[in-house]
Amino acid sequence: MSDYQLPPVWTDSASSQGAFTGLNRPTAGARFEQSLPKGDKPLQLYSLGTPNGVKITILLEELLEAGVTEAAYDLYKISIMDGDQFGSDFVGINPNSKIPALLDQSCDQEVRVFESAHILLYLVEKYQAFLPQNPAEKTEVLNWLFWQAGAAPFLGGGFGHFFNYAPEKLEYPINRFTMEVKRQLDLLDQELAKKAYIAGDDYSIADIAIWSWYGQLVQGKLYQGSAAFLDVTSYKHLTAWTEKIAQRPAVKRGLEVTYQEIH
């Protein structure tokens, strides 16, 4: 039984964030002046190799492999544990201080794009690839793209935090979020029993978005010990889809890209 007493008004003076203590704050905005580098490629990507980050590098590598040379990009590392995301230039691109953030230099004026699902959608609409033009098929892809945007916080901020990052193991939140993650895995497994890719017969940004979180979870790459804990091998169709996506050359390159330092 916890001895925690709910205060009338919350303050952060006594809060413990584990590994994130001193990094997380209850206020938004820039914390220091920063000048981000810019290369000469059309797209400037400021990111990190997290599940949300690799969504974008995978898509960009897929676009380049498909012959879309205009999708050339410079890639810069935003070290979130060092607080790079709170610098003034980064906040100017994404006021929410989360990676990834994209700057499109190929337009008449620079265009900033933030939120990983939106960056995916922006790029495939710009380059007309990996998103069907048929309204019904396009809508199905977007159904699953936005499903991932809504579902993954339960996996990352919920299950991942309490299973992997929290300073102590607490039964209630671990059980709560494990239940939800397994429900999500079962949903994906049932869907992939009926079709080759998550939205139908063709590979799309929905697969990229979902694989970056759930595929890597199945591979045991997100949180140490979580694949066994969640019994991911019991989801046969999800496992087969995971390995199929993992074998794509552009996916491999998207995971192995080199990030330039910003300092």
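How many residues lie between β3 and β4 in the hairpin they form?

Analyst: There are 6 residues between β3 and β4 in that hairpin. A few ground rules come before the details. This is a predicted model, in which local features need pLDDT of at least 70 and side-chain atom pairs count only at pLDDT 80 or more, while totals for chains, interfaces and linings use all residues. Residues are numbered from 1 along each chain as its sequence is written, and side-chain values use heavy atoms, with hydrogens and water left out. Helices (H or I, at least four residues) and strands (E, at least two) are DSSP runs, numbered from the N terminus.

Strand β3 covers residues 101-104 and pairs with β4 in the antiparallel sense, over 4 bridges. Pairing here requires at least two DSSP bridges between two strands. A101 faces F114 of β4. L102 has V113 of β4 as its bridge partner.

Now the side chains of β3. In a regular strand, side chains alternate between the two faces of the sheet. In β3, A101 and L103 point one way, and L102 and D104 point the other way. All four are buried, meaning under 20% relative accessible area; exposed means over 50%, and partly exposed lies in between (1.4 Å probe, protein chains only).

Step back to the whole sheet. It is open and has 4 strands, in the order β2-β1-β3-β4, with mixed pairing. β2 (73-77) and β4 (111-114) are the edge strands; each has a single partner, so one side of each lacks a neighbour in the sheet. On average, neighbouring strands are turned by 20° against each other, direction ignored. Helix α3 (residues 116-127) packs on the sheet and touches β1 (43-47), β3 and β4. Contact means heavy atoms within 4.5 Å. The direction of α3 makes about 130° with that of β4. Axes are lines fitted to C-alpha atoms, for helices over the stretch in contact, and angles run from 0 to 180 degrees between N-to-C directions.

P100 sits in the loop between α2 (88-93) and β3. The peptide bond from I99 to P100 is cis, with omega near 0°. S97 lies in the loop between α2 and β3. S97 is not a glycine, yet its phi is positive, near 60°. S97 is buried, at 6% relative accessible area.

D231 is in the loop between α7 (226-229) and α8 (236-246). At 39% relative accessibility, D231 is partly exposed.

Next, the helix packing. Helix α4 (residues 135-165) packs on α6 at an angle of about 25°, with axes 8 Å apart. The two are therefore roughly parallel; that label takes angles under 35 degrees, with over 145 roughly antiparallel, 65 to 115 roughly perpendicular and the rest oblique. The crossing of α4 and α6 is left-handed, meaning that the near helix is turned anticlockwise from the far one by less than a right angle; clockwise would be right-handed. From α4, the contact includes W144, W147 and L155. From α6, it includes I210, W213 and L217. By class, the contact holds 14 nonpolar residues, 2 polar and no charged. Ala, Val, Leu, Ile, Met, Phe, Trp, Tyr, Cys and Pro count as nonpolar, Asp, Glu, Lys and Arg as charged, and the others, Gly among them, as polar.

Helix α4 also meets helix α5 (residues 171-192). Their axes come within 9 Å and cross at roughly 145°. This crossing is left-handed as well. On the α4 side, W144, W147 and L155 are among the contact residues. On the α5 side, R176, E180 and E191 are among them. This contact has 14 nonpolar, 3 polar and 3 charged residues.

Q216 is placed in α6 (residues 205-218). Q216 is buried, at 9% relative accessible area. Leaving out residues up to four places away in sequence, Q216 touches P51, V54, W211, K221, L222 and L255.
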